[in-house]
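Let's take a look at one protein model together.

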Amino acid sequence: MNTTDPISDYLTRIRNAILAKHDRVDVPLSKLKLELSGILRDEGYIRDFDVVEEQPVGKIRLFLRYTPDGTPAITRIARVSKPGRRVYKKAVEIGPVLNGIGLGIISTSRGILTFDQAKREGVGGEVLCELW
């Protein structure tokens, strides 16, 4: 499947899997999605991920995280910058998401970073998504 916005597709697959209470979800493989998956794992929003090599395109298998009572770790996930409306922030404009409870992910000249990492390094960029 060819999509014009692979990041939106990635986020929508995660959102739909959580709504359906799935344990895992597969998304098409790309370097950008691998970096996003690493951030989600490191920040505790997913349990883990694996790369599944297939032809012609591999997949990333994300293992979603839920609390013991079944509440998902991700309650909201949204694309901020879209193909029709790009959103950029300077390092000084980057603030906390949901008063520090949420996570913002930004594409910078130093790679894909969380808002906290970008602020520490003093770099801005394109705001990819926010979640909590």
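## Before we start

This is a predicted model, where local features need pLDDT of at least 70, side-chain atom pairs count only at pLDDT 80 or more, and totals for chains, interfaces and linings use all residues. Residues are numbered from 1 along each chain as its sequence is written, and side-chain values use heavy atoms, with hydrogens and water left out.

S37 sits in helix α2, residues 31–42 (a helix is a DSSP run of H or I, at least four residues, numbered from the N terminus). S37 counts as buried because its relative accessibility is 0% (buried means under 20% relative accessible area with a 1.4 Å probe, protein chains only).

The S37 side chain reaches the backbone oxygen of K33 at 2.8 Å. Skipping neighbours within four places in sequence, S37 is in contact with Y10, I46, F49, I60 and L62 (contact means heavy atoms within 4.5 Å).

A search of the whole structure turns up 1 cavity of 30 Å³ or more (on a 1 Å grid over the protein atoms alone, a cavity is a set of points where a 1.4 Å probe fits but cannot get out; a volume is the space filled by probe spheres set on the points, which are joined across faces, edges and corners). The volume of the largest cavity is about 30 Å³.

Who lines the largest cavity? I18, Y45, L64, R65, Y66, P72, A73 and I74 do, lining residues being those with an atom within 4 Å of a point.

Terms used:
Helix = DSSP H or I, 4+ residues; strand = E, 2+ residues; numbered from the N terminus. Buried < 20%, exposed > 50% of the residue type's maximum accessible area, 1.4 Å probe, protein only. Polar contact = N/O pair within 3.5 Å; in protein donor to acceptor, adjacent residues only side chain to side chain. 1 Å grid on protein atoms, 1.4 Å probe; cavity = no way out; pocket = protein on both sides within 12 Å on 5 of 7 lines; lining within 4 Å.
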